[in-house]
Amino acid sequence: MRKEFLLLLLLVGFSIALSAQDVNKIITTSEVERIEKVLSSDAMQGRKTFSPGIAAASAFIENEFKQTGLQFLPGLNSYRQVFYMTETKNNTANVSIDGVTIADSNLAVISFAPHVSLTQNDAVEIVHIDSVAELRSKIGQIFGSAKNQLVLADNSLKRFAGRLVSMGSSSMDSTAKSIVIVFGVKEANSFAINLDNTISKKELNNVAGVLPGKTKPDEYVVFSGHYDHLGIGEPDSTGDSIYNGANDDAAGTTAVLLLAKYFKALNNNARTLIFVTFTAEEIGGFGSEYFSNQLDPSKVMAMFNIEMIGTESKWGINSAYITGYEKTDMGKILEKNLEGSKFKFYPDPYPEQQLFYRSDNATLARKGVPAHTISTSKMDSEKYYHTQKDEIGTLDLNNMAEIIKAIAASSVSIVLGKDTPARVNTSELR
C-alpha cells in the first residue's frame with residue numbers, strides 16, 4: 001500500500017512538472033513572431049480606428065481568444081465590446097480675427113455641431129499655447145472641456161495640426177462644442193467663426209475575454225494593450241505609406257494574447273482575469289475609457305497595461321519600466337516576485353513625458369485602481385515611433401518573449417490573490 005502511495009505521488013509530481021513545462025512553452029519567440037506578423041502586416045492597413053484594417057485585427061484577436069477558451073465579458077454574447085462614438089468632419093471654415101481672414105492652412109478645426117456661427121459676443125474661451133510643453137499640458141483640458149474654444153497657437157506648432165484634428169475628431173461626448181485652433185496669431189480682440197461640419201455616429205469595439213477566478217471571482221486583474229494604430233498616410237522616402245505599428249502596440253496586444261494562453265493553461269487563478277485589447281487609443285484613449293467605465297473600480301485589484309515592449313529599454317535586454325511606479329506599491333510586488341531572476345523592473349525614466357497619463361491605464365488609475373503601463377520604449381530616442389518603419393523587422397522578438405514571461409511571473413501573487421497592491425491616491429493626480 002505504501003509503495004502504491006509513493007508511486008502515485010511520483011506520478012502526480014511528474015504530471016505537474018510536465019504541465020508546467022508545457023505551459024512554459026506557450027510564451028515563445030516563435031509564437032511572438034506568429035502573432036506580430038499578422039497584426040503588423042500590410043494587410044492590416046495600419047489598424048486605424050473605423051477602418052477595414054482594424055476590423056480584420058479585431059477578428060484575428062477574437063479568434064485567438066476563442067482558441068484559448070476564454071469566456072465573454074458578463075452581459076456580452078461575443079468577445080466584441082461594442083460602443084459608439086460621434087465623428088466629425090469639417091467641410092468649410094471661415095474664420096477672421098480682428099478683421100483679418102485666416103487662411104485654411106493656419107487653421108485646425110474640431111466641431112461637433114453641423115453649423116456654427118460664433119463671435120466675441122458669444123461664450124467662447126480663448127486659450128494661448130506658445131510651446132510644445134504647453135501644448136502637451138493643455139491639450140487634455142482643451143479636448144475635455146464642454147466649452148467652445150478659440151486656441152491661439154504659436155506658428156511653430158502648426159506641424160501638429162493634422163494630429164490634433166485626428167485626435168479630436170471623435171468623441172463619446174455628444175456636446176456640440178467647437179475648437180478652432182489658429183496658428184501664428186497672438187491676440188484676438190474680435191473674431192468671427194463660421195463652420196459647416198458633417199457629423200456621424202460610428203460603431204467600434206474593444207476585444208475582451210475572461211478567465212473566471214477559482215476562489216475570488218469578484219476580484220479582477222486586467223491585462224491590456226491597444227490594437228489600433230495610425231493607418232495609412234503619405235508615402236515616406238521609400239514609398240511606404242502604411243504605419244504598421246509593430247511596436248505600437250501590436251507588441252502589447254501580442255503580450256495580452258500570450259498571457260491569456262499562459263494563464264488558461266495554468267488554470268489556477270484565484271482572481272478573475274480580464275484580457276482586453278483596446279481600440280481608439282491613438283485618437284484619445286476612448287476604448288479604455290469605455291471599458292473602464294463599465295467596471296466597478298473597487299473590484300479591480302490591478303491593471304497590467306502593456307505598451308511598446310518590442311525594443312530594448314535604456315537598460316538593455318531583460319528589463320522594462322513601470323509608469324507611475326511611485327503611485328502604488330505594485331512595482332515592488334512585481335520586483336519581489338522576480339527576485340533571483342535575470343529580469344529587472346525600473347521606475348519610469350521619462351517623467352517629463354507624463355506617460356502615466358498618456359496610455360490606457362489612465363482611466364482606471366483616476367478611479368483609484370493600481371493601474372500601470374509596462375513598457376521598454378526609449379521615449380527620448382525611439383526613432384521608429386509613429387513612423388512607417390515601425391515594422392516587425394525592427395523588434396527584438398527574443399527579448400519580447402522574455403518580457404512577457406517576466407510579466408507572467410511577476411504578476412503571480414496578485415493573480416493568486418496573495419498580494420493586493422495599494423490603491424492610487426487620486427487626490428494627488430493631475
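In the predicted model, helix α6 passes helix α10 in a right-handed crossing. Two packed helices are described by the angle between their axes and the distance between the axes. For α6 (residues 246-266) and α10 (residues 397-410), the angle is about 50° and the axes lie 10 Å apart. That angle makes α6 oblique to α10. Angles under 35 degrees would count as roughly parallel, and 65 to 115 as roughly perpendicular.

The α6 side of this contact consists of Ala251, Thr254, Ala255, Leu258, Leu259, Tyr262 and Phe263. Facing them in α10 are Met400, Ile404, Ile407 and Ala408. By class, the contact of α6 with α10 holds 10 nonpolar residues and one polar residue. No charged residue takes part in the contact of α6 with α10.

Helix α10 was also examined for length and burial. Its 14 residues, at 1.5 Å a residue, should span 20 Å. The end C-alpha atoms of α10 are 20 Å apart, which agrees with that expectation. Of the 14 residues of α10, 10 are buried, so the helix is largely enclosed by the rest of the structure. Buried here means under 20% relative accessible area. The buried set of α10 comprises Leu397, Asn399, Met400, Ala401, Ile403, Ile404, Ala406, Ile407, Ala408 and Ser410. Met400, Ile404, Ile407 and Ala408 are among these buried residues, and these four also meet α6.

The crossing of α4 past α5 is right-handed. Leu135, Ile139 and Phe143 contribute from α4. Leu164, Met167 and Gly168 contribute from α5. The residues of this contact comprise five nonpolar and one polar, with no charged residue.

Val132 belongs to helix α4. The relative accessible area of Val132 is 31%, so the residue is partly exposed. Partly exposed residues fall between the 20% limit for buried and the 50% limit for exposed. Beyond residues up to four places away in sequence, Val132 touches Leu157, Arg159 and Phe160. Val132 and Ala153 are separated by 21 residues in sequence. In space, the C-alpha atoms of Val132 and Ala153 are 9.9 Å apart.

Notes
Residues are numbered from 1 along each chain as its sequence is written. This is a predicted model: local features need pLDDT of at least 70, side-chain atom pairs count only at pLDDT 80 or more; totals for chains, interfaces and linings use all residues. Side-chain values use heavy atoms; hydrogens and water are left out. Axes are lines fitted to C-alpha atoms, for helices over the stretch in contact, and angles run from 0 to 180 degrees between N-to-C directions. Helices (H or I, at least four residues) and strands (E, at least two) are DSSP runs, numbered from the N terminus. Angles under 35 degrees count as roughly parallel, over 145 as roughly antiparallel, 65 to 115 as roughly perpendicular and the rest as oblique. A crossing is left-handed if the near helix is turned anticlockwise from the far one by less than a right angle, and right-handed if clockwise. Contact means heavy atoms within 4.5 Å. Ala, Val, Leu, Ile, Met, Phe, Trp, Tyr, Cys and Pro count as nonpolar, Asp, Glu, Lys and Arg as charged, and the others, Gly among them, as polar. The expected span of a helix is 1.5 Å times one less than its number of residues. Buried means under 20% relative accessible area, exposed over 50%, partly exposed in between (1.4 Å probe, protein chains only).
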